[in-house]
Amino acid sequence: MHRTTTTGGRRARRLLTAAVTAAAGAGVALAATAPLATAAAPRVIDGSGYAYNDWGDEGTLSIDSHSTNSDATALWQTVLYADGAKWRDSGGELRTFRKSDITGHFEERTESATRWWQKHEDLEDVDGVVGKETFGDADNSLSGPEPDGTVLFMGYRHTVAFKRLQGTYYVKVHGEWRKAAYKSFD
């Protein structure tokens with residue numbers, strides 16, 4: 001499924017999801033709003049229940065935080081690739097974030113593409129930092145999990161798959177499924 005708009009689509013879906021959840025009853029509403037991860041020092045990207053609200057309580061990714069060799073960064077870069085995010089090169093030209101840009105290194109290209117993504121999602125903070133607001137907006141495009149743990153991110157350009165096994169997200173890095181950990185990978 002490919003979306004045709006780039007502005008406000010996820011916010012509308014989040015409001016619709018909230019309305020459906022509220023109408024479904026108190027038990028479902030409580031389950032949908034329960035905290036999914038500990039706020040202090042997250043080690044992996046995690047979640048439970050339906051995937052559409054998994055990431056709003058995640059840690060921070062930026063040039064200053066988890067910038068080097070992080071599979072959590074590779075997961076975010078996969079989102080940028082799926083949505084066709086753009087980054088500005090040193091000459092000021094906009095370039096599309098490609099699959100080959102998924103490196104696990106949060107550098108200037110990723111920061112620039114994140115700013116572009118935040119602007120196109122009409123987020124309040126357009127700062128190139130992936131925090132709770134940015135992660136929380138992105139998770140509105142998640143669906144699943146399927147019985148095998150597959151969670152799909154339905155991007156504007158590409159649909160990509162993650163795995164969520166026993167509450168932990170996995171991202172494909174260089175053809176291998178890796179735990180989406182904030183710490184450096186080998």
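Colleague: Which backbone nitrogen does the side chain of D101 reach?

Modeller: This is a predicted model, in which local features need pLDDT of at least 70, side-chain atom pairs count only at pLDDT 80 or more, and totals for chains, interfaces and linings use all residues. Residues are numbered from 1 along each chain as its sequence is written, and side-chain values use heavy atoms, with hydrogens and water left out. D101 sits in the loop between β2 (94-96) and α4 (108-120). At 2.8 Å, its side chain reaches the backbone nitrogen of R98.

Colleague: Is D101 buried or exposed?

Modeller: Buried means under 20% relative accessible area, exposed over 50%, and partly exposed in between (1.4 Å probe, protein chains only). The relative accessible area of D101 is 4%, so D101 is buried.

Colleague: Which side chain does a polar contact of 2.6 Å join to that of D101?

Modeller: A polar contact is a pair of N or O atoms within 3.5 Å; within protein, one must be able to donate a hydrogen and the other to accept it, and residues adjacent in sequence count only if both atoms are side-chain atoms. Leaving aside neighbours within four places in sequence, D101 is in contact (heavy atoms within 4.5 Å) with residues including Q77, W87 and T96. The 2.6 Å polar contact joins the side chain of D101 to that of R109.

Notes
Helix = DSSP H or I, 4+ residues; strand = E, 2+ residues; numbered from the N terminus.
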